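Please keep the sequence and the model in view while reading the points below.

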Amino acid sequence: MRRPDSLIGLTVYLARQRFGARSVQRAALLACALGTGTVVFAAIHQSASPPVVRASVGAAHWSLGHCAQTRITCVSDAMCGAVDRCVDPLRFGARVRSVTPRGETVSVYPHLAVDGDGYGVVWSAIGEDTADIWFARLDGEGKRRGAPVQLTRGGSLRLRPRLARGVHGWAVGWLDVSEEGIASHVLRLDATGAPQGAPALVGAGDLTVLSDVVAGGGGQYGVAYLSATPARQISVHLARFTQDGAVGAPITVAGNQLVLGMVGLAAVNDTFALGWNHFVPRDDRAETFVARVAADGSVSTPVRLDAHAGRNGSIALDALNDQVGAAWEDQFEDRDDTFHNALAFGGVSAAGAALPRKAVTDRRALNVDPNLVAAGSQHGLVFTRLEDDTPTVHFARLNTDGALVGAVTQLNGRASLGALGSVVWNGRSFAAAWTQLDTGGVSVRFARLDANGRRVGAEVPISAR
């Protein structure tokens, strides 16, 4: 069998081997877990032996990309082993290091949630030897309310945090990468942001990859995650996390899948909806699914939103009344060693039927990391676009059918780079956060947009100091 020529191909190859060795399990999940399509679809070196993922808190620097020799997804040199290094197609990490003094902490992966007339935000602060999660409360203009709170301290790489606001406080989830494997944790915060108890482990085993956290009915949270076992390949799960800190028994939404990218999650009244992209190797076909989990834990028959040749990636969900909206990384193509794709929109109607698929973007660039939010009678969408080696963050509005409303807006400044965006809706306006790199350095930025997508007020930098 020919060795795979992409990290998606590697995931498929390892899945065909039924996830044998523990190190191979870690490599397979990491290949589809930590990054967007930019990371996932990097080319793979023709290696004769399966790659091994290593993680250490002794990382000299970080990058959002793949190991130079094995092409395994990475965020630090230490994850590539002693004789390899971490490089990224976005060249985001290299650009960060060129303007960031050694020893300075870099803030990435912001994620927002609405908090009454303000907001909450979490992010990963990546330093010389670790990555930790921070939380801050913001007022309606994006200015900090009180001091930021450091939620974790050392010991591993904690990445891609997700935040939800519940009735009595907050829930934060993240990926935890260490020499022991890839784990996922959730932590409760009170209304002021103070941690309540210790972080709770999500799932069991070496490979649990948290995708999203949302607030549901009855004061509980939904946690969507992936897991892998030798017998069942990759499985899609929902866990319910309560205000007392207990993580309920996992509900398996789908098993025996080859999930490419991250899972989407939305709360729909008293149910949760999960979406994912499955790859069928024998047919080289992508299939996009959404399934609902009822309050009693029963799982509906998945609705197939789309199926076509090729490979899709991460998916994001929201809910407009009883309708589930979905935006996903659609049909990656390799042209002259450069990856291209589009973002597509679909969903499930209140009656349970699949909505017609619509293309949201063109295919002249790489469009990845969708973040979707329901906003009255429309959807707000934030995503990262890589064109001419320049990553930028964009905002778009879609109607209930997924058609673009108005123009797509670039959020980061024209003389800057941007990636890893998040968007929320407070009932009157949108708010977005993203990682920005410019001549002043690296920062998490916050901005507001009105219901028509026009910028409102000043842009606000967010940091841990």
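The points below concern a pocket, a strand pair, salt bridges and several individual residues.

The structure is a predicted model. Its largest pocket has a volume of about 930 Å³, and a search of the whole structure finds 20 salt bridges.

**The largest pocket**

- The lining of the largest pocket consists of 42 residues. Those nearest the centre of the pocket are V214, L265, L317, L372 and V373.
- Strand β24 supplies the largest share of the lining, with 7 residues.
- Sorted by class, the lining of the largest pocket holds 27 nonpolar, 9 polar and 6 charged residues.

**Strand β12 and its partner**

- Strand β12 is mostly covered, since 7 of its 8 residues are buried.
- β12 pairs with strand β13 (residues 221-229) in the antiparallel sense, and the two strands share 7 bridges. Within this pairing, V213 has V223 in β13 as its bridge partner.
- The hairpin formed by β12 and β13 has 5 residues between the strands. In this hairpin, G218 takes a positive phi near 70°.
- S211 also belongs to strand β12. Its relative accessibility is 2%, so S211 counts as buried, the cut-off being under 20%.
- A polar atom of the S211 side chain lies 3.0 Å from the backbone nitrogen of V263.

**Salt bridges**

- E287 and R304 form a salt bridge in which the closest N and O atoms are 3.3 Å apart. Because E287 lies in strand β18 (residues 285-293) and R304 in strand β19 (residues 303-309), the pair ties together parts that are 17 residues apart in sequence.
- D306 forms a salt bridge with R357, and their closest N and O atoms are 3.2 Å apart. This pair links distant parts of the chain, for D306 is in strand β19 and R357 is in strand β23 (residues 354-359), 51 residues apart.
- In this second pair, D306 is buried, with a relative accessible area of 14%, while R357 is partly exposed, with a relative accessible area of 33%.
- The side chains of D362 and R364 also meet in a salt bridge, with an N to O distance of 3.0 Å. Here D362 is partly exposed, at a relative accessible area of 26%, and R364 is exposed, at 56%.
- Salt bridges that share partners also join R282, D283, R285, E287 and R304 into one network.

**Buried residues and contacts across the sequence**

- W276 is part of strand β17 (residues 271-280). With a relative accessibility of 1%, W276 counts as buried.
- W276 and V290 are 14 residues apart along the chain, and their C-alpha atoms are separated by 6.7 Å.
- N426 occupies the loop between β28 and β29 (429-438). N426 is buried, with a relative accessible area of 15%.
- N426 and Y119 are 307 residues apart along the chain, yet a distance of 8.8 Å separates their C-alpha atoms.

**Residues with positive phi**

- Y109, a residue of strand β4, has a phi near 55°, which is a positive value in a residue other than glycine. Y109 counts as buried at 8% relative accessibility.
- R160, a residue of strand β8, has a positive phi of about 45° although it is not a glycine. R160 is buried, with a relative accessible area of 10%.

Technical notes
Residues numbered from 1 in each chain as written. Predicted model: local features only at pLDDT ≥ 70, side-chain atom pairs only at ≥ 80, totals over all residues. Heavy atoms only, no water. 1 Å grid on protein atoms, 1.4 Å probe; cavity = no way out; pocket = protein on both sides within 12 Å on 5 of 7 lines; lining within 4 Å. Points joined across faces, edges and corners; volume = space filled by probe spheres on them. Helix = DSSP H or I, 4+ residues; strand = E, 2+ residues; numbered from the N terminus. Nonpolar A, V, L, I, M, F, W, Y, C, P; charged D, E, K, R; others polar. Buried < 20%, exposed > 50% of the residue type's maximum accessible area, 1.4 Å probe, protein only. Pairing = 2+ DSSP bridges. Salt bridge = Lys/Arg side-chain N within 4 Å of Asp/Glu carboxyl O. Polar contact = N/O pair within 3.5 Å; in protein donor to acceptor, adjacent residues only side chain to side chain.
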